[in-house]
Amino acid sequence: MKRSQKKFIVTAILVSITFSNFVASCASDWDEETKYEFDFVNNDNYEIDATDLPDFIGDLKLGWNLGNALDAQNNGMANETAWGNPKITQAIFKGVKQAGFDIVRIPVTYLGHIGDADSGYKIKESYMSRVKEVVGYAKTAGLKVIINIHHDGADSNYWLNIKKACGYVSEKVSHPSSVEAIAANTAICNQLYSMWQQIAKAFPNSQDYLIFETMNEIHDGGWGWGENRQNPATKQYDILNEWNQICVRAIRYAGAKNYIACPGYVTNIDLTYEHFTVPKDKLKRVLLAVHYYDPNDFVLEGEKKTWNAAGSEYGGQNYMTSQFEKIKSKFASQVAGIYIGECGAVYTGDSSATSERQKYNVAVINTAKSQNILPIFWDNGSGESGKECSGLFNRSTSKIYSHCTNLVSAMSAAAQ
């Protein structure tokens with residue numbers, strides 16, 4: 001990808017950004033504190049103690065997502081029950097641990113709970129306290145934990161908007177002007193830095209169980225087939241790499257020694273392989289996060305009832321193997337570990353498809369294990385059948401759905 005003059009302008013402006021002792025009064029409904037300050041630092045000249053760093057990544061075998069819970073939102077307001085799941089309790093994590101999972105990914109959306117720029121993008125204390133409470137449930141159950149900033153970047157619809165940061169594209173013409181795009185990106189960088197400072201400081205001395213995942217599936221609305229491919233001048237890949245670096249700096253300047261997971265573009269393996277740059281980190285504790293939902297018509301849509309395990313076509317076993325091998329071959333020596341943050345096939349209600357689902361999910365585990373990649377299965381709590389019905393555990397009873405009992409047992413056995 002050719003570098004344009006705009007790239008050098010963006011870099012120059014980002015390097016010159018410093019917000020020292022930025023102090024602002026917060027709205028009265030945020031919390032008891034009336035002020036919040038953060039220092040935006042855009043360099044790697046931090047000092048952080050590199051001794052006594054717990055290494056637990058290589059011991060993890062199988063992960064589970066608490067999907068459609070703390071990441072749920074309605075009209076730009078995050079609410080854990082907005083998408084039909086009950087309020088999270090300690091019991092669900094106990095059930096997940098007993099079923100053989102050893103790490104839980106807890107996606108978190110902060111929409112509607114963030115102050116404006118004048119407040120320093122202050123996260124509402126009551127919401128941050130709930131995130132801490134749920135993480136505490138998982139820790140009490142004996143699980144390692146991943147938390148992230150999730151749907152704040154969904155489809156470039158909200159503040160974490162890579163399309164706006166790069167400039168819109170219409171008939172190969174960028175809109176708005178580069179000055180406006182730079183201003184938008186600068187604001188996003190400030191907010192990312194401030195939020196990760198706050199999140200990291202909310203979990204002191206948590207490096208023995210908690211992973212910070214910078215973002216989720218960042219894209220321009222085209223799921224990897226949008227303006228990122230149409231017009232290289234938008235520099236979406238470069239912007240995402242810069243965002244990941246800023247998050248790493250924010251976490252380290254907050255004094256946190258935790259593993260930090262960073263995604264490639266839309267967490268797509270091919271686009272990550274081609275465009276992801278591993279952020280600098282003096283502790284060398286950066287992880288790479290990708291997702292795997294291939295073949296889509298079988299895995300997510302539930303339209304196709306069979307999975308061709310022996311096939312070489314898109315989504316077959318050979319394809320899966322080559323994708324996992326590819327991402328490992330390029331990045332294993334550059335990062336502290338690689339995980340598939342989301343994967344797994346939906347339940348369709350068809351008996352033969354249920355068998356195929358088990359065959360596929362076990363194949364993901366076995367193939368990932370062969371490449372020292374950790375699979376973390378997506379569970380959105382749905383016990384229905386059909387498109388995106390990927391529930392494994394009933395959130396109300398904290399027990400495995402009856403149609404998933406054999407599946408979860410097979411997955412747990414494969415992971416050992």
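Reader: Which side chain does Glu-356 meet in a salt bridge?
Author: Lys-359, at 2.8 Å from N to O. A salt bridge here is a side-chain nitrogen of Lys or Arg within 4 Å of a carboxyl oxygen of Asp or Glu. This is a predicted model: local features need pLDDT of at least 70, side-chain atom pairs count only at pLDDT 80 or more, and totals for chains, interfaces and linings use all residues. Residues are numbered from 1 along each chain as its sequence is written, and side-chain values use heavy atoms, with hydrogens and water left out.

Reader: Where do Glu-356 and Lys-359 sit?
Author: In helix 11 (residues 351-370), three residues apart, so about one helical turn separates them. Helices (H or I, at least four residues) and strands (E, at least two) are DSSP runs, numbered from the N terminus.

Reader: Is Glu-356 buried or exposed?
Author: Buried, with a relative accessible area of 12%. Lys-359 is partly exposed, at 36%. Buried means under 20% relative accessible area, exposed means over 50%, and partly exposed is in between (1.4 Å probe, protein chains only).

Reader: How many salt bridges in the whole structure?
Author: The search finds 13. One of them joins the side chains of Asp-44 and Arg-249, at 2.9 Å from N to O.

Reader: Which parts of the chain does that pair link?
Author: Distant ones, 205 residues apart. Asp-44 is in the loop between strand 2 (35-40) and strand 3 (63-65), and Arg-249 is in helix 7 (residues 236-253). Asp-44 is buried at 17% relative accessible area. Arg-249 is buried too, at 9%.

Reader: What about Lys-163?
Author: Lys-163 forms a salt bridge with Glu-227, with the closest N and O atoms 3.3 Å apart. Lys-163 counts as partly exposed at 21%, while Glu-227 counts as buried at 10%.

Reader: Which residues are linked in a network of salt bridges?
Author: Glu-80, Arg-130 and Glu-133.

Reader: New topic. What is the volume of the largest pocket?
Author: About 1,100 Å³. The search uses a 1 Å grid over the protein atoms alone: a pocket is an open set of points with protein on both sides within 12 Å along at least five of seven lines, a cavity is a set where a 1.4 Å probe fits but cannot get out, and lining residues have an atom within 4 Å of a point. Points are joined across faces, edges and corners, and a volume is the space filled by probe spheres set on them.

Reader: Which residues lie nearest its centre?
Author: Of the 40 lining residues of the largest pocket, Glu-217, Trp-223, Tyr-293, Asn-296 and Leu-300 do. Helix 8 (269-275), strand 12 (286-292) and helix 10 (317-331) each supply at least two lining residues. Helix 8 gives the most, with three.

Reader: And the cavities, how many are 30 Å³ or more?
Author: Six. The second largest cavity holds about 50 Å³ of space. Its lining includes Leu-66, Pro-86, Lys-87 and Arg-395.

Reader: Which residues touch the most other members of the largest nonpolar core?
Author: Phe-93, Ile-106, Tyr-110, Phe-203 and Trp-243, in a core of 111 residues. A nonpolar core is a set of buried Ala, Val, Leu, Ile, Met, Phe, Trp, Tyr and Cys residues joined through side-chain atoms within 4.5 Å. A second, separate core of 13 residues includes Ile-57, Tyr-259, Leu-287 and Tyr-339.
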